[in-house]
Amino acid sequence: MHSSHGSPIALRERAAVRLATMPETYDVAILGGGNAGYAAALRAAQLGLSVALVENQKVGGTCLHRGCIPTKALLHSAEVTETIRHAGDFGVIAEEPSIDWAKVLAYKDSVVSKLHKGLEHVIKQRKVTLVNGKGRLADKSTIELEDATLVKANAVVLATGSYARSLPFIEIDGKAFITSDHALELDAAPSSFIAIGSGAVGMEFASAFRTFGAEVTVIEALPRVAPGEDEEVSKELARQF
């Protein structure tokens, strides 16, 4: 069965509903509801401006849904695992921990969901108009959505965010070759893992998966790991890993 949500009639109906509830012109319209976008929206609303926030998916962007927050949840589960492994150092006798991967993912999702709901509440409380849809900059004061809705504003902020970058010699298939997005939704913790790049993303997954039992290799083209950080940080990371 095919969905009718994207049909021309459905798009026109949705546009009509939006237009009926929108002011002619906002003070500020923001394209993208990630870290930069929602922070700008909340600040503008705090200053008393009328604000529209256009987001194609869930507010919170990469950081909340596919980056910083879910990876930190995985790392917390890994930290608990490591603490149990070394419990004997503190005089506590514990067996080797086993990993329930489904519960690890459920914990990660619960953390993301809680923060997402909190963010939605704050956006609503600040009276920011959240417009769900894929938009593009039509001109310097207009964001046009796929359903032809026009969001006009005196100022437009572009905060369209990021996406996982592929490499020219690797075809991302979501199985053998994955992005960080796939790594957060694996059916099971991998038995072996290669991270191409030793920036924050690569090192976080390398650390978590190693703790969960994977044999891990990190490949870095530059002379030191975490090349974007201070040299002292790189040396300590290399020592710890």
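# Buried residues, paired strands and crossing helices

Colleague: Why does T142 count as buried?

Modeller: In this predicted model, T142 has a relative accessibility of 2%. The term buried is used under 20%. The value of 2% lies under that cut-off, so T142 counts as buried.

Colleague: Where does T142 lie?

Modeller: T142 is part of strand β5. Across from T142 stands K152 in β6, and D139 has T142 as its bridge partner in β5.

Colleague: What makes the pair T142 and D139 a polar contact?

Modeller: The side chains of T142 and D139 are joined at 2.9 Å. A polar contact needs N or O atoms within 3.5 Å, one able to donate a hydrogen and the other to accept it. The distance of 2.9 Å is within that limit, so the pair of T142 and D139 passes on distance.

Colleague: Which residues does T142 touch, not counting those up to four places away in sequence?

Modeller: T142 touches R136, L137, L150, V151, K152 and V156.

Colleague: How do you know that β5 and β6 pair?

Modeller: Strand β5 covers residues 142–145 and strand β6 covers residues 150–158, with 3 bridges between them. Pairing needs at least two bridges.

Colleague: How many residues lie between the strands in the hairpin of β5 and β6?

Modeller: There are 4 residues between them, and in this hairpin A148 takes a positive phi near 80°.

Colleague: How many bridges join β4 to β5?

Modeller: β4 and β5 run antiparallel and are joined by 4 bridges. They also form a hairpin, with 2 residues between the strands.

Colleague: What is the order of the strands in the open sheet?

Modeller: The sheet has 6 strands in the order β3-β2-β1-β6-β5-β4, and the pairing is mixed. One parallel case is β1 with β6, joined by 5 bridges. A29 faces V156 in β6.

Colleague: Why are β3 and β4 said to stand at the edges?

Modeller: β3 (129–132) and β4 (135–139) each have a single partner strand, so one side of each has no neighbour in the sheet. On average, neighbouring strands of this sheet are turned by 45° against each other, direction ignored.

Colleague: Which strands does helix α2 lie across?

Modeller: Helix α2 (residues 35–46) lies across β1 (26–31) and β2 (51–55), and runs at about 165° to β2. A45 is found in this helix.

Colleague: Why is A45 called buried?

Modeller: A45 has 14% relative accessibility. That is under 20%, so A45 counts as buried. Beyond four places in sequence, A45 is in contact with V51, R126 and V128. A45 and V28, 17 residues apart in sequence, are 9.1 Å apart in space, C-alpha to C-alpha.

Colleague: How many disulfides does the structure hold?

Modeller: The structure holds 0 disulfides. A disulfide would need a pair of cysteine sulfur atoms within 2.5 Å.

Colleague: Why is H65 called buried?

Modeller: The relative accessible area of H65 is 17%. This value is under 20%, so H65 is buried. H65 sits in helix α3 (residues 61–66). A polar atom of the H65 side chain lies 2.9 Å from the backbone oxygen of V59. Not counting residues up to four places away in sequence, H65 touches K58, V59, G60, P70, V112 and H116.

Colleague: How do helices α4 and α7 cross, and within what distance do their axes come?

Modeller: The axes of α4 (residues 68–85) and α7 (residues 200–211) come within 9 Å and cross at roughly 40°. The crossing is left-handed.

Colleague: Which residues in α4 and α7 meet?

Modeller: From α4 they are T71, K72, L74, L75, A78, T81, E82 and R85, and from α7 they are E204, F205, S207, A208 and T211.

Methods. Residues are numbered from 1 along each chain as its sequence is written. This is a predicted model: local features need pLDDT of at least 70, side-chain atom pairs count only at pLDDT 80 or more; totals for chains, interfaces and linings use all residues. Side-chain values use heavy atoms; hydrogens and water are left out. Buried means under 20% relative accessible area, exposed over 50%, partly exposed in between (1.4 Å probe, protein chains only). Contact means heavy atoms within 4.5 Å. Axes are lines fitted to C-alpha atoms, for helices over the stretch in contact, and angles run from 0 to 180 degrees between N-to-C directions. A crossing is left-handed if the near helix is turned anticlockwise from the far one by less than a right angle, and right-handed if clockwise.
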